[in-house]
Amino acid sequence: MIAAALTTDSFLERLPVLARDTVTGLLPVSWRWLAGSLLEIIAILASFGLLFAYLTLAERKILGRIQNRPGPNRTGWFGLLQPFADGVKALTKEDVVPAGADRVLHFLAPVVLVAVSLLGFAVLPFGRHLVAVELDTAVLYFFAAGTATELAVFMAGWASHNKYSLLAAMRALAQLISYELPLLLSVVPVVLVAGTLSTTKIVAAQGGWSLGFIPHWHVFTPWGAAGFVLFMVAALAESNRSPFDLPEAESELIAGHLTEYSGFKYALFFMAEYFGMCALSGMAVTLFLGGWGAPSALLEWIPSYAWFTAKLLVLLLGFIWIRATLPRLRLDQLMKFAWKFLVPLTLLNLANAAGWSLTAGWTGPLQLVRWAVALSLVAVPFVVLGRTLSAGSAPRTYRFA
Amino acid sequence: MSPLQGCLLLSAALFSVGLVIALARSNAILVLLGIELMLNAANLNFIAFWRFHGGTAPATGVIFVLFAIAVAAAEAAVGLALVIALYRHQKNLRLQEATRLRG
Amino acid sequence: MTFTFLILAVIILGSALAAALRPNLIHCALLLVVSWLGVAGFYLWAGAEFVAFAQVLVYVGALSMVVLFAVLLTRQSRAELRVDAPETRRAVWAVIAGVAVSGVIGTAVFATKWDSAPVTAPEITVRGIGLELMGAHAAALLLLGVLLTAALLGAVVLAAPDRPEKEEKS
Amino acid sequence: MNFSATHLWMIPALPLLAAAIGSLTPRGGRKLAAGAAIAAMIGAFVLSCGALVTALAHPAVHGYANFAWFTLGNEVVRVGWLLDPLTAFMAVMVTFVGALIFIFSLGYMKEDRNFTRFFCFLSLFAAAMLGLLVANSLLLLFVCWELVGLASYLLIGFWFHKPAAAAAAKKAFLTTRIGDLGLLLGLLWLYHVRGTLLCYDGGAGVLEQGSLTALAGTTVAGGFALSTAIGLLIFCGAIGKSGQFPLHVWLPDAMEGPTPVSALIHAATMVAAGVFLVARVYPLMLADQALANVPVHALTVVAGIGAITALLGAAIAVAQNDIKRVLAFSTVSQLGYMMLALGVGSWVAAIFHLLMHAFFKALLFLGAGSVIHAAHHEQDVRRLGGLGRRMKATFATFAVGTMALAGVPFLFSGFWSKEAVLHAAHAWPVSSLPLLVGLAAVVLTAFYMTRLITGIFLGAPRTDAAGEAHENSAVMTGPLLILAACAIGLGFLGTPAWPWLQSNLGGVVVPSESIWEAPGLMLLSIGLVVVGLGTGWAVYGRRRNVNASSVDPLAQAAPGLFAVLAARLGFDEFYVATFGRANTWVAALADGFDRHVWGGLVSLLARFGEFSGLLNREADEDILNRGFDRASAAVRGAGQTYSRAQAGEAHGYLRTVALAFVVFALVLLLGGVR
């Protein structure tokens, strides 16, 4: 780690750290740790707040483009000021609390949600030197922190005295619990192969290139690719994004657990959703896409956090794209998909990864065998399971388009 | 008062609170939760001894707690299933009314 | 006796006591979740990260969900959630029992002579725990897996309604 | 392929496995069951060929591998495998013919809904038969012997919904049991005398010199040598299994089973087991030859029985109308031939004839089966006819089989083996009767075969069924062709010019059966064959415009004789009238005895019991019971008291537990326990 740092320890690379040290340098030593952590928190809040703001805009723009409409383009150039306008609107709006509502929980829900969804960022290594908390059990921590979101959603749904909200809360619980499983199981192979739970070590394990341009990212192994896809699917569901946005299915239950929320609380929910999305994408980047690692030795002069951001943005774009593309699932389809398709596949993938790490010593022709076996272990169950589950429900064909 | 004693007292208190919940409340779910609390108190003891009372193996207490947590999860799953069954059986959850087995 | 410990103790006991007194079932459940979180905090304070996060995952992540599900599944109307206050006789007995137990344990704690030598925190890593689990406690781990599977199936069977056409909830 | 006796068990193991598979496959799995059976048979055939090659390396030695089966007290029962040319040749024949017949069954049993069960039984039979062949212990041989009987029972009664089939199965089972009883007695006696049933065991085996001399030395009641007695008892088994007079009655009825079964079991393999048995224990049979002052030699009896059977079967066959019955009786008579050969001291000739007969008789039966299948299960010669035009392959192969059976000179295997037998008979010093009987049987054989073949294939079809018959699929004709080729070709393995088979079987170049000693005999037999064929042709060949109901020419000529023959000399009736009657009578007697004598005693005892009970009850009522009542009342009361504690209330229990804990903890604390 240190050696790597020395080789590519450009000024740009160390810029954020330097900035922090200069600021904390002004303070007496006993306070520095506090100031340092505060600074980190502020940095994360600021950057991801901004990212959130423009993500909303980007989403609306991209959706617009995909649906052949301009999207917001009035406030500022290309509507660049739109997010702030929205913020102002949200802040100035009246905060309505239904009569029969459980006031305390109704207020707590969004707060808890945002707070919890922020927790995850603490262990993401944004750059070579940029990780807020170095934990030995970072991955576990990340998911432990994530679980509380479910509680918040439930609180929201139950507190606002409204049947739609409650239904949505139930749905959300069912969905979150069901997809917690594949999410965690799709991470286990990485932990197994990297042999550690710490995010920084996992990133370090993916460092290096073969032939100088093929990075050793997990996504470039059969099990890694499968795990990545599974993880992203489960992440979609965990962050209530379309096509898994049943809890807030407008067509069925007005706005789900958000029905009775308005003004800033609503904005908080919105924010929390995007934070969760970002955090999960960041985790995906860390686990499968080599974290802040550059895709090629030649490109290492670009600072690591830039790479991280780039990968993160690509994934977020994928989120938006999927939302624009796929229709919403039905509840039973949702459950079936989780329990009958994702979970078995993740388990098989775990076995696959175990086999991979066992056969690490194989070389030459054996290498080919190893790849063939791993690939077949990925492909065959996918095809078979898909065929068997989708049997009978053939794609609907319309006589008249 | 050494930290160990503090931890033990805390766990004792937690245990008795759990006991009170389990004894006083009539709702089956709450009784179950009280029992979960008692389990937590026990785990708390394990960690306390592991941390403040030099043991032999470095990780024994931790592993014991991990096992205990897993078992607690299983227990809760079965317990809540029982609760649901009970509810289907008699249209409420008042435990004091579930006395079908009285001698 | 650090400050953190006291705060944690207050959180744990306070939320638990509140849960014991609140009439509203949902509030009780959520308060207990808080108390569990406090316990997790205690583990962190004691330096057992892994256990702490496991506690959060299991209790806050899974158990509370199941509890809330049970609550929502087993209520006819909203009024049902307001659990009738415990009748005094049982409550009194309960308090007596609780106080007696804690008193006994407390006296036991004070009566025992602990070797007052402060011990350093044992060094454990996740790796260490993993090796320990897979090595010395492998059999126990397997048994645990069997137990969990059995519990899962048992829960499904218990909670499944007798009439097959309704779909099971667990 | 080197193949030691230790691995011999694999040969029967394969079909056994197939049987297991077949028994586990549901009705639907026709392909699986049949495939397993056939594959196992072919595998066994390959193994047997390996065994044969190994055995022929040293024909004279008996390779064996013995092992302890189980221990009773201090008696260790040992069994083992035996590998010598006899075993090897038999195994090859069984597996080869078996495989062909299995394949034939594919076509023949196509419509049967118990297809899988059929193949399961067939495999079971094959396993038992092969086990019988490779057994080195007479005990193991007996076990397999009985298993073979069981399989035969199951297969004869395969169409148990037909009463005739069920009856035939029962008849076959019981009749062979009679013989097996003798066999069992013989084995028990042998074990009692020698303490082992291993054939070859490094000098300790029952078929080895030491025991043979001992057996021949001792004499038993009636002046018989012990070996004679035991040999004859064992021969009883052979009589039963090989359908020898007087136990031949079951074999014709066994034709109620499916034709492949008749071909495999009741023509080629199982019925030959008797011959094989005698050949296996031949040293024992031979042991008393040296003795002069014994009333009779075992082999003499064998020869006598063989001669009688040969003539009897041939004669009865003349007057039968059912194809399969004709063939069955011819089987009986051919088996008689083999026994005769054994009896006159040339077991090699017997085995030679056995092998050849297996091929061409299987061929004949399969041909009959093909005819029957084509003619919609019409097996009456009188109602067939004119099939030769429509079923050329079957006709040709059947003709080959016929000529082999009839012993048409030089080209066909039957001729050579028959000649071997006849010459053996000729060379027998004791009596020339067997030779004459054999020659007579030759004529009859040629005659009835001509009758049969003309009846089936020549002339005009006499019923619609015969008219509509058409050739069967290749899966049925294929085995016919192969078997026909064997029926022609295999004979040359045993020509006197080059007696390869004989020399390898015996392990020594056998003299004396060489034809050149008695060329006249050969010419005579050829002449007799010609006579037989000629008369047959004269009587049946040139009949025109006959129909199903027209009377048999023989019947016109000699009605009485023909009727008697057609009634199979009334053996069945005789048995029913004598043994059956006696059996029922004894049964009735025993029944009456049971009912009245024993029954009376028992009821008397019962009466006494009742009486004593009567006395007891009074005592019980007022003395014992009251005490019991009080005790149980007390218990009930206690139970009620305690059951109040079980309020069924969880809280109560939990509270109790907690307070109890408190109490105990206090006790500990105040007690100062650390």
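Modeller: Buried residues make up 57% of the 103 residues in chain B; a residue is buried if 20 or more other C-beta atoms, placed from the backbone, lie within 10 Å of its own, exposed if 12 or fewer, and partly exposed in between. This is a predicted model, in which local features need pLDDT of at least 70, side-chain atom pairs count only at pLDDT 80 or more, and totals for chains, interfaces and linings use all residues. Residues are numbered from 1 along each chain as its sequence is written, while chains are lettered from A and ligands numbered from 1 in the order in which they are written.

Chain B has three helices and zero strands, in the order α-α-α from the N terminus. Helices (H or I, at least four residues) and strands (E, at least two) are DSSP runs, numbered from the N terminus. Of the contacts in chain B with a separation of 6 or more, 53% join residues 24 or more positions apart; a contact means that two C-beta atoms, placed from the backbone, lie within 7 Å.

Elsewhere, Val373(A) sits in helix α13 (residues 365–389) of chain A. Val373(A) counts as partly exposed because it has 15 C-beta neighbours inside 10 Å. Its C-alpha atom is 9.3 Å from that of Trp356(A), 17 residues away along the chain.

The model scores ipTM 0.72 and pTM 0.55.
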